[in-house]
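Trainee: Please take one part of this model and go through it closely. I would like to hear about the surroundings of the ligand, and then how that part sits in the rest of the chain.

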Amino acid sequence: MNILVVGSGGREHAICAAFSGSSRVGKVYCANGNAGISQVAECVPINPDEIQKLANFAASNAVDLTFVGGETSLALGIVDEFEKRGLRIIGPTKAAAELEASKAFSKDFMARHAVPTARYRNADSTRAAVAFLNDGVFGDAHSPVVVKASGLAAGKGVVVAANRIEAVEAIQGLASIAGEAAADRIVLEECLIGKEVSLIMFADGEDFALMPPTRDHKRIGESETGPNTGGMGTFTDDALLSPEQTEQVIDEIIKPTLKGCIEEGFPFRGILFLGLMMTYDGPKLLEYNVRSGDPETQSILVRLETDLVDVCEAMLDGRLSKIDIKWKPGCSATVVLAAEGYPYSPRKGDVIRGLADVTEAIVFHAGTARNEAGEFVTSGGRVLVVTATGDTLDAALSTAYRELSKISFEGMQFRRDIGR
Ligand SMILES: Nc1ncnc2c1ncn2[C@@H]1O[C@H](COP(=O)(O)OP(=O)(O)O)[C@@H](O)[C@H]1O
Ligand SMILES: [Mg+2]
């Protein structure tokens with residue numbers, strides 16, 4: 001069968017690689033793809049927001065299954081359009097994608113279905129948001145408050161303010177960092193304390209199958225310092241959640257969520273991502289994403305032993321509870337190699353060396369191109385993503401770091417403390 005993957009980063013490279021490794025797959029297309037992805041898929045120049053063009057491409061190239069990497073196409077309703085045309089696609093409908101595209105909507109959804117989450121207020125203006133700070137829900141003037149742009153902001157829409165003065169500043173500056181449209185509505189939240197875990201699952205509308213739990217590192221600097229990025233590294237480790245904690249998340253968060261989606265008329269089919277804070281008071285949901293993360297996907301898919309096509313078909317046919325998805329035991333670790341200047345203004349065009357020397361890890365391309373000489377060069381903020389597996393987290397990390405040390409390009413930056 002033929003597959004179309006929508007997206008152009010390291011996540012989509014990992015998805016394309018998983019499909020191209022399937023004995024059931026003939027051709028893999030990727031829109032847009034990148035220079036690294038073109039080693040495992042045929043890249044087609046269509047952007048993720050060009051829904052009609054993507055559907056036309058799938059229809060005229062005998063694509064049997066489309067897999068969407070990122071949130072942009074989902075929020076625009078790519079799944080509704082494909083389904084209208086009878087094209088098979090993995091992902092939630094536009095209505096279900098609101099769980100990510102509108103944080104205000106998702107907080108109200110959690111409240112309607114009694115999903116444990118931080119106390120919150122949704123504000124329709126900066127003035128209303130500032131007024132909410134005084135109503136006592138978020139403690140006193142010295143209490144931390146989390147200020148969020150409601151709309152999609154590519155990870156730039158959240159400020160954890162240390163006190164009320166910082167919160168007011170954050171509210172007033174939100175439109176300039178997150179964009180006017182995203183900051184049109186503002187969500188204020190109580191600041192939770194605990195360890196963060198991301199739990200991602202396949203969902204078929206009624207049932208779900210968990211992927212290994214992950215943790216990510218969002219800041220550019222070691223020890224979580226400096227500005228936020230798209231993500232500098234992740235790891236999977238089953239020990240991130242105890243069996244009891246997993247049960248609690250299933251009972252208190254996952255089941256009410258899937259049931260709530262059915263009740264509200266948008267059964268969730270696709271990949272559902274829970275951003276969890278494990279507090280002293282139990283697990284609380286920080287957010288939903290309606291797709292897998294980047295680079296969480298890279299850490300997860302290297303451990304998937306079942307054919308991804310089989311998993312996708314089970315999702316589409318509502319048979320997830322009937323298949324046994326196998327994961328490689330142990331752990332995995334992923335380290336991002338970013339360009340000079342990332343995350344502000346990454347430099348492009350630096351020649352990448354040493355890729356062929358990497359033997360024990362997998363290198364996914366996030367932002368690469370070829371120069372006239374045919375060499376790989378940097379062409380994005382996050383350039384390469386190095387993923388390794390191991391029996392323990394230490395083993396996975398040490399393989400990833402040993403292998404990435406063979407790669408170099410001018411200005412290469414990476415964090416040395418992923419998984420620590
Ligand atoms: N209520 C909260 N309490 C404490 N930290 C929070 C809270 N909400 C968000 N955060 C922090 O901010 C990060 C980003 O928030 P999140 O809701 O995941 O938005 P996004 O991923 O869309 O930027 C979280 O990973 C977490 O570290
Ligand atoms: Mg998040």
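**The ligand shell and its setting**

Mentor: The C-alpha centres of domain 2 and domain 4 lie 35 Å apart. This is a predicted model. The domain assignment gives domain 1 (3-91), domain 2 (119-190), domain 3 (195-322) and domain 4 (331-404). Two of these matter for the ligand: domain 2 and domain 3 each give at least three residues to the shell around ligand 1.

That shell has 13 residues, and the closest to ligand 1 are A118, V158, E189, L192 and E287. Two elements, β8 (158-161) and β15 (282-289), supply two or more shell residues each. By type, the shell divides into seven nonpolar, three polar and three charged residues.

Now the core. The largest nonpolar core has 128 residues, and V5, C16, V147, I186 and L188 have the most contacts inside it. Strand β14 (residues 268-279) provides the largest share of this core, eight residues. Take I186 as an example: leaving out residues up to four places away in sequence, I186 touches A123, T126, A129, V147, K148, A149, S150, I171 and L174. In general, nonpolar side chains tend to be buried together in soluble globular proteins.

Last, a sheet. Five strands form an open sheet with parallel pairing, in the order β3-β2-β1-β4-β5. The edge strands β3 (42-44) and β5 (89-90) have a single partner strand each, so one side of each is left without a neighbour in the sheet. Further in, β1 (residues 3-7) and β2 (residues 28-32) pair in the parallel sense over five bridges, and G7 stands opposite N32 in β2.

Note on methods
Residues are numbered from 1 along each chain as its sequence is written. Chains are lettered from A and ligands numbered from 1 in the order in which they are written. This is a predicted model: local features need pLDDT of at least 70, side-chain atom pairs count only at pLDDT 80 or more; totals for chains, interfaces and linings use all residues. A residue is near a molecule or strand if its C-beta atom, placed from the backbone, lies within 6 Å of it. Helices (H or I, at least four residues) and strands (E, at least two) are DSSP runs, numbered from the N terminus. Ala, Val, Leu, Ile, Met, Phe, Trp, Tyr, Cys and Pro count as nonpolar, Asp, Glu, Lys and Arg as charged, and the others, Gly among them, as polar. Domain bounds come from an automatic or database domain assignment. A nonpolar core is a set of buried Ala, Val, Leu, Ile, Met, Phe, Trp, Tyr and Cys residues joined through C-beta atoms within 7 Å. A residue is buried if 20 or more other C-beta atoms lie within 10 Å of its own, exposed if 12 or fewer, and partly exposed in between; C-beta atoms are placed from the backbone. Two residues are in contact if their C-beta atoms, placed from the backbone, lie within 7 Å. Two strands pair if DSSP finds at least two bridges between them.
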